[in-house]
Amino acid sequence: MTSGAMDDYPVTFDVAYPESPNRWLILIRWLLAIPHYIVLSLLSILAGVVWVISFFTILFARTYPDSLYSFMVGVHRWNANLGAYILFHDRYPPFSMGESDYEGVTFAVERPDFNRWLVLIKWLLMIPHAIVLYFLSIIAMVAAIALVLAVLFTGRYPRGLFDFLVGVGRWNARVNAYATFLVDRYPPFSLR
């Protein structure tokens with residue numbers, strides 16, 4: 001797939017490159033993120049209920065109620081903001097689902113016309129992505145450790161590691177949006 005074809009994919013996720021990170025903050029951001037983890041854990045339970053409701057509303061009514069759709073996009077956005085904070089940004093993320101609430105992170109989903117029958121087989125279509133993302137996640141964990149060490153010793157993010165980790169996050173965001181019925185278009189096998 002060419003990059004032009006991916007530019008119009010209905011899920012957008014990007015993180016601005018941080019020019020001058022705090023060398024030591026990168027060691028404790030995961031700890032500072034605990035309140036977000038608690039809230040997101042509770043929201044994830046609710047998102048599971050919304051996912052079940054959306055399955056049936058798409059299957060029988062070919063619609064995803066606006067408020068439920070916005071909620072699910074918001075949960076995905078909050079999760080993306082938190083991941084960007086832990087790995088890349090020094091500024092603490094807001095407790096918010098709103099678009100553009102966290103400067104430096106872009107997460108948006110373009111609402112599709114829903115195919116009612118696709119909800120029945122999306123789980124099967126996701127298997128290749130799940131396999132690839134499993135191995136990419138292992139590589140990303142090693143890359144994240146290298147990234148932390150690089151920031152500690154050089155005070156900068158190595159551009160290659162940054163781009164790789166953002167790419168894995170982008171791929172994961174697309175697959176998760178597909179799995180939770182936010183988009184119907186099959187996600188590309190790409191970090192871009």
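Here's a quick tour of some salt bridges in this structure. The model is predicted, so local features need pLDDT of at least 70 and side-chain atom pairs count only at pLDDT 80 or more, while totals for chains, interfaces and linings use all residues. Residues are numbered from 1 along each chain as its sequence is written, and side-chain values use heavy atoms, leaving out hydrogens and water.

A search of the whole structure turns up eight salt bridges (a side-chain nitrogen of Lys or Arg within 4 Å of a carboxyl oxygen of Asp or Glu). Below you'll meet some of them, including D14 with R170.

**D14 and R170**
- These two side chains meet with N to O at 3.0 Å.
- The pair ties together distant parts of the chain, 156 residues apart: D14 sits in strand β1 (residues 11-15) and R170 in helix α7 (residues 159-179). Helices (H or I, at least four residues) and strands (E, at least two) are DSSP runs, numbered from the N terminus.
- D14 is partly exposed at 37% relative accessible area, whereas R170 is buried at 13%. Buried means under 20%, exposed over 50%, and partly exposed in between (1.4 Å probe, protein chains only).

**R29 and D90**
- In this salt bridge, the closest N and O atoms are 2.4 Å apart.
- R29 belongs to helix α2 (residues 29-32), and D90 lies 61 residues away in the loop between α4 (66-87) and β2 (105-109).
- R29 is buried at 0%, but D90 is partly exposed at 27%.

**R77 and E99**
- Here the closest N and O atoms are 4.0 Å apart.
- R77 is in helix α4 and E99 in the loop between α4 and β2, 22 residues apart.
- R77 is buried at 9%, while E99 is exposed at 51%.
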